Amino acid sequence: MVKAYLRYEPAAAFGVIVSVDSNITYDSSGKYLLAPALEKLGVWHVRQGVCVKTLTPSPSSRGPSLAVTSVVSSPSSLVASGYADGSIRIWDCDKGTCEITFNNGHKGAVTALRYDKAGSLLASGSKDNDIILWDVVGERGLFRLRGHRDQVTDLVFLDSGKKLVSSSKDKFLRVWDLETQHCMQIVSGHHSEIWSIDIDPEERYLVTGSSDLELRFYNVKGELVDEQSATDVNVTGSMDDGDLSSQNKWEVLKHLGEIQRQSKDRVATVRFNKQGTLLACQVAGKTVEIFRVLDEVEAKRKAKRRLHRKKEKKSTKGTDEVIENGEANHGIEEAGNPLVVTVPDAFKLLQTLRASKKICSISFCPNTPKNSLATLALSLNNNLLEFYSIESGANTRTLAIEIQGHRSDVRSVTLSLDNTLLMSTSHNAVKIWNPSTGSCLRTIESGYGLCGLIVPYNKYALVGTKDGKIEIVDIGSGSGMEVVEAHGGSVRSIAAIPNENGFVTGSADHDVKFWEYQSKLKPGQDSKCLTVSNVRTMKMNDDVLVVAVSPDAKYIAVALLDCTVKVFFMDSLKFFHSLYGHKLPVLCMDISSDGELLVTGSADKNLRIWGLDFGDCHKSIFAHGDSVMAVQFVHNTHYIFSVGKDRLLKYWDADKFELLLTLEGHHADVWCLAISNRGDFVVTGSHDRSICRWDRTEEPFFIEEEKEKRLEEMFEADLDNAFENRHAPKEEIPEEGAVALAGKKTQETLTATDSIIDALDITEAELKRIAEHEEEKTRGKVVEFQPNIFMLGLSPSDYVLHAISNVSTNDLEQTLVALPFSDTLKLLSYLKDWTSKPDKVELVCRVAVVLLQTHHNQLVTTPAARPVLTVLKEILHARIKECKDTLGINLAAVDHMKQLMASRSDALFQNAKAKLLEIRSQQSKRLEARTETKTEKRKKKRQKKSNDMHVWTSAGR
């Protein structure tokens, strides 16, 4: 009989507050912060500092490298997240559900996401150098923009979503017209990769950040550009009118100026706050430079002061020359020139915010607090979220979210005997967790913990550190009790002695030490405390990497740096076996519950299974793609779990030497492993700072089935490579850019194409049967017609429509592109019937447009297609007009209802915002008039002085 095993599946992952590889963002309300945590998206309540929701992809769509790489919030409750495999998911933040998934867009990791102001369009940029526009309402990709030669780093919508600006590591900005789908302008001038761009809410300034030592600013409004350039031409007179009009026809961005940055590190992010009053420039270091954006009146005042100082300097320098030459025109020479506000006039460095660690991402809160200018959230590279209140003079840290995770790698995980507590160690702290819920119970400061052990009865724990100490921790109080100077080198391994009051440690100082627990009354304390004392020491001839004790406490196995494992008798410490065969040092090992088998994992990527009775190697298995870091037997079985630097957890049968399961879930090297006593769950810790729990389910599986699954996965991976056609020469994209279909060919689109072809073949056969039945009727043979049961009781036209409606809206273009021309003609013949259904008019139009674009040349030259196209031309226009009219009437009615509700509203301060803006504009006009009169008076005084001086010099002569 074939043996069945029980399947293990990922159940929980905890310990990660925020990922390093993605940005953070506030939601539209400003109450919650969205922080990516590997493949999940955490929704943190900012005031309470707790994670209220976790947005996780469904297990069916989970991929091997599904880490979140970009996230953006829309004006509504929707949030878009981009992933490392190129997919994009749109979540409803209020419900916590995934609303839309775009799987067939990008071929590389999503690096930039941006919504337009209405929230109906989403633009995405990727490592595959492409930009895709997505229709969020229609749940489909619109088109793909190609032109950049390197990774797209940021995107910004302009002109109410009609234009898009993209930045890239190829050092260029590109301005795209989304209505005509072409590149309008290519902006050069940067000397290094452009990492981030942003635009203020009023669309006056576009700022770019790169590795250059300055921030570059561009004027965005086209009409202002034309006016400014016209004045420049009037002053210089160096350009023709024809050249000017042709140059400025497509010019959307005009270079305005630069601001020198304080830091020499490259820019990582530039962002305006929602009000447009502050600009934050985050560098790839520990600082954020915050600039204040001055309004027009202040900027003009500053520009006038600058000009005034400049004139004063000129006048002081030139007094001697004036006296000699007898000319005094310097007061008038710049009077005719218009006042030009430069970038340093409009932007003023407010302060520099310094964090404790390297900053990964920043986000402004959309709501302005009462007592400060803004709230800024930072994600740091040590798994930490910080919130700062930005004031005019300084900044203060208001909140830090840090308890729920380690600051660096999780180096060891240990379960208590009753599996109720989990201890994890890191470079500066020990954390005690509840393994079933993933909540952090205690955080205790410690040294760099390499290994740990929870003492029976769960009151105390031991931690072996890198500097050779054993730290005794009180779990109940969450404090360190005692630090014992145990070894001269790092403590690499701790193993409990079964059924005895003690444990064994192995160290890099060549010693294996045996310890006993003791309780001692400390001076000044009433209760006794745990302490440890060394009872035996065994000297080895090389560094000790791992120690393991057999469950019957008969043998002790010691792995050394010389790639061997020495087995000794526990009681007499006499030598028993030397196990050699690994080519690189053994990093982990374990002994089975019955004491028959010993398994070793090595840096040579192999697992070796040994018999403890004779010391013979039963099997050597190539287990992982990199070093095997931890291995352990399931209690009372010969099943093994192993983890490695290849990010995988593997499940083995040591009797059959077969791989049972490969479990993917971590995003970096996996360092450690712990299995519960009953074998019902496994815990792993990783370099990505996450702790994962894998639960045993009741679902059985068989080895042969798993082998077939793995082969199918390999086959599908090869198919994906075939679709991408990596070895074919790359298509040369013209400098002005190109447009393409948003989707890509996948297994799903090919399956959908096959289903449409099958539907067309079935309906063709059915139509022939119906025609034959009609002929028989005319001949007088009355036979009851039996419809095809595969057609689900639908008519031939409806059955084909059913097949097309089942195709995902996002996959429709690629599905239709793969149809042969003969099937395209058949499909076009059905479109006329479908237009009579009002709810299918949009689908019919999409199908017709894609088929006409794809097969235009063949359709034009095929006589059989002309009647079909003529009928479609007449019907489609009329149907579309009907739909447009219906939508227009509905929109007008909704707008009318809105106006009625607004007019009936008796709420106070209805027009408060409009009135406030009006008052402010009046005040700014008065201020401007006052400053102008003051400057005119000053000019008159200077003029009078210069005239008096001229008269005095002429009288002296």
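This is a short walk through the structure, one selection at a time.

Before you click, note that this is a predicted model, where local features need pLDDT of at least 70, side-chain atom pairs count only at pLDDT 80 or more, and totals for chains, interfaces and linings use all residues. Residues are numbered from 1 along each chain as its sequence is written, and side-chain values use heavy atoms, with hydrogens and water left out.

**Stop 1: a loop with D94**

Select D94, in the loop between strand 8 (88–92) and strand 9 (97–102). Strands here are DSSP runs of E with at least two residues, helices are runs of H or I with at least four, and both are numbered from the N terminus. D94 is exposed, with a relative accessible area of 58%. For such labels, buried means under 20% relative accessible area, exposed means over 50%, and partly exposed is in between (1.4 Å probe, protein chains only).

**Stop 2: salt bridges**

Next, pick R306 and D345, which form a salt bridge with their closest N and O atoms 2.8 Å apart. R306 sits in helix 3 (residues 296–325) and D345 in helix 4 (residues 343–346), so the pair ties together parts that are 39 residues apart in sequence. A salt bridge means a side-chain nitrogen of Lys or Arg within 4 Å of a carboxyl oxygen of Asp or Glu. R306 is partly exposed at 27% relative accessibility, whereas D345 is buried at 3%.

Move on to R397 and E386, another salt bridge (2.5 Å, N to O). R397 belongs to strand 29 (residues 395–401) and E386 to strand 28 (residues 384–390), eleven residues apart. R397 is partly exposed at 46%, while E386 is buried at 1%.

D885 is partly exposed at 39%, and K881 is exposed at 53%. Salt bridges that share partners also join R7, E699, E706 and K709 into one network. The whole structure has 31 salt bridges.

**Stop 3**

Most residues other than glycine have a negative phi. Click Y457, which is not a glycine but has a positive phi of about 75°. Y457 lies in the loop between strand 34 (449–454) and strand 35 (460–465), and is exposed at 80% relative accessibility. Then try H510, where phi is also positive, near 75°. Its loop runs between strand 39 (502–507) and strand 40 (511–521), and H510 is partly exposed at 27%.

**Stop 4: the largest nonpolar core**

Select I804, L816, L827, L831, W834 and V847, which touch the most other members of the 28-residue largest nonpolar core. Such a core is a set of buried Ala, Val, Leu, Ile, Met, Phe, Trp, Tyr and Cys residues joined through side-chain atoms within 4.5 Å. Elements giving two or more residues to this core include helix 7 (796–805), helix 9 (821–834) and helix 10 (841–854). Helix 10 gives the most, with seven residues.

**Last stop: helix 5**

Finish with helix 5 (residues 703–724), and color E704, which is found there and is exposed at 51% relative accessibility.
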